[in-house]
Amino acid sequence: MPAGFRVVAPDVRGHGRSSWDPPWSIPAQLAGVVELGDEVRPAVWLGHSFGGRLVLELAAARPDLVPKAILLDAAVQMTAEDAREAADEDRADRSFADAEEFFAFRREAASRVPQAFLDEELEQHVERGVDGRLRPRYFPPAVVTMWGELAADPPTPPRCPTLVVIAEDADYTRPEHVAAFRAALGDDLTVVTVPGDHIVLWDAYEETADAVVPFLALS
């Protein structure tokens with residue numbers, strides 16, 4: 001993170017080095033986020049994709065924990081069709097013979113990503129199984145559950161200053177979501193569109209940082 005901010009980046013259930021045990025529902029994920037929030041307050045909450053949806057859930061359930069919200073191409077709500085398609089893709093074994101095969105797959109979702117970012121992900125978030133193939137460190141059933149949960153109605157918009165960063169080539173944060181945020185927040189809403197696809201931290205790192213850092217500096 002630029003500008004010397006302290007960042008706490010937890011793995012949600014079913015991902016990374018957090019427990020892979022169920023439940024993986026939004027209420028279960030939210031409970032873990034609330035527990036963390038009570039420990040790290042005061043904190044500005046930033047979430048990308050499903051993480052953005054969890055920030056919205058946290059702001060609705062515990063507004064005292066969310067003085068500011070940053071939503072990076074948040075998956076506010078998926079259409080049933082899109083959620084079903086994504087879940088069907090993720091229920092299969094997603095594995096790779098080697099690093100180049102993994103990099104090629106990741107570039108499909110982030111065509112502008114610098115190679116250094118992919119190298120870092122391979123080192124920190126991918127492991128080789130007993131069959132010799134590489135797999136991202138998450139439990140596929142947890143991800144399938146996530147897609148289903150994202151088809152449910154989202155919570156009400158936050159009641160705090162909110163930055164919404166939208167990927168130019170994705171539709172996770174749709175115009176109707178922005179309209180709902182604007183109706184609820186007025187001048188407390190900042191919307192920035194950045195180039196590239198859904199993983200804005202990869203495709204548009206500098207542009208995203210240029211939006212996030214001034215927002216964090218606002219009193």
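Helices (H or I, at least four residues) and strands (E, at least two) are taken here as DSSP runs and are numbered from the N terminus. The model is predicted, so to speak of a local feature a pLDDT of at least 70 is needed, side-chain atom pairs count only at pLDDT 80 or more, and totals for chains, interfaces and linings use all residues. Residue numbers start from 1 along each chain as its sequence is written, and side-chain values use heavy atoms, with hydrogens and water left out.

Most residues other than glycine have a negative phi, and most peptide bonds are trans. Ser49, found in the loop between strand 1 and helix 2, has a positive phi of about 60° although it is not a glycine. Ser49 counts as buried because its relative accessibility is 14%, where buried means under 20% relative accessible area, exposed over 50% and partly exposed in between (1.4 Å probe, protein chains only). Asp73, in the loop between strand 2 and helix 3 (80-90), also shows a positive phi, near 40°, and at 0% relative accessibility Asp73 counts as buried. Two cis peptide bonds are found as well: one runs from Pro22 to Pro23, with omega near 5°, and the other from Arg41 to Pro42, with omega near -5°. Pro23 sits in the segment before helix 1 (26-40), while Pro42 belongs to the loop between helix 1 and strand 1 (45-48).

Next comes Arg53, a residue of helix 2 (residues 50-61). Its relative accessibility is 1%, so Arg53 counts as buried. The Arg53 side chain reaches the backbone oxygen of Val76 at 2.8 Å, and a polar atom of that side chain lies 3.4 Å from the backbone oxygen of Ala152. Beyond its neighbours within four places in sequence, Arg53 is in contact (heavy atoms within 4.5 Å) with residues including Ile26, Ala74, Glu149, Asp153 and Pro155.

Strand 5 (residues 162-167) is mostly covered, with six of its six residues buried. Thr162, Val164 and Ile166 point one way from strand 5, and Leu163, Val165 and Ala167 the other way. Strands are said to pair if DSSP finds at least two bridges between them. Strand 5 pairs with strand 2 (residues 69-72) in the parallel sense over four bridges, and Ala69 stands opposite Thr162. Six bridges join strand 5 to strand 6 (residues 189-194), again running parallel, and Thr190 is the bridge partner of Leu163. From strand 5 the chain crosses through helix 7 (residues 175-185) to strand 6 in a right-handed β-α-β crossover; right-handed means that, with the strands pointing away from the viewer, the path from the first strand over the helix to the second runs clockwise.

How values were computed. A polar contact is a pair of N or O atoms within 3.5 Å; within protein, one must be able to donate a hydrogen and the other to accept it, and residues adjacent in sequence count only if both atoms are side-chain atoms.
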